[in-house]
Amino acid sequence: MDDGHGENGPAAAVDVEELLSLCDDDGEMLDELLRAFAEDEPRLYGALERAFHAEDFESLAKNAHALKGVLAALAAIPGRDLALALERAGRNANLEEVRRIVPLLREELDRVSRALHVLEGALPHDTSA
């Protein structure tokens, strides 16, 4: 499975051009997506981690699926791919694969958070209000 690292080093956590395209270059929509990620990611990953420790594969697959959607909406392709792999491993009750992917997904979520934080800091802010 591709872990998001190519021959030329790590892939970008977020494809900024694709993200802006998904938002139609709408700064408000992008701000909303960034806020939603900041709020949803800890809740979703927490539920995923609890399912992992309980070996509740159905819940793990469900939460991996939800994270996959969040990451896809942010053009976070390596994270989306890891969440998809985790969803599949959960659906197959493959504990060995789940154990391998969960820490990789945590690292990737941290990379996405850092990339979004940098992106947010680079956005122009409307001060006309």
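The model is predicted, so local features need pLDDT of at least 70, side-chain atom pairs count only at pLDDT 80 or more, and totals for chains, interfaces and linings use all residues. Residues are numbered from 1 along each chain as its sequence is written, and side-chain values use heavy atoms, with hydrogens and water left out.

Start with the fold. The protein has 5 helices and 2 strands. Both kinds of element are DSSP runs numbered from the N terminus: helices are H or I with at least four residues, strands are E with at least two. Along the sequence the pattern reads β-β-α-α-α-α-α. Of the 129 residues, 38% are buried. Buried means under 20% relative accessible area, exposed means over 50%, and partly exposed lies in between (1.4 Å probe, protein chains only). Take the contacts (heavy atoms within 4.5 Å) between residues at least 6 apart in sequence: 64% of them join residues at least 24 apart.

The largest nonpolar core holds 35 residues. Such a core is a set of buried Ala, Val, Leu, Ile, Met, Phe, Trp, Tyr and Cys residues joined through side-chain atoms within 4.5 Å. L19, L86, L105 and L116 touch the most other members. At least two residues come from each of α2 (27–54), α3 (57–73), α4 (77–91) and α5 (95–122). The largest share, 9 residues, belongs to α5.

What does L19 touch beyond its neighbours within four places in sequence? Its partners are V14, L30, L33, A73, L74, A75, L116 and L119.

E108 also sits in α5. Is E108 buried or exposed? E108 is buried, at a relative accessible area of 4%. Leaving out residues up to four places away in sequence, E108 contacts A13, P78, G79 and L82.

α3 and α4 pack at about 160°, with axes 8 Å apart. Axes are lines fitted to C-alpha atoms, for helices over the stretch in contact, and angles run from 0 to 180 degrees between N-to-C directions. The two helices are therefore roughly antiparallel, the term for angles over 145 degrees. On the α3 side, the residues in contact include F57, L60, H65 and K68. Among those they meet in α4 are G79, R80, L86 and E87. By class, this contact has 10 nonpolar, 3 polar and 4 charged residues. Here Ala, Val, Leu, Ile, Met, Phe, Trp, Tyr, Cys and Pro count as nonpolar, Asp, Glu, Lys and Arg as charged, and the others, Gly among them, as polar.

Technical notes:
Angles under 35 degrees count as roughly parallel, over 145 as roughly antiparallel, 65 to 115 as roughly perpendicular and the rest as oblique.
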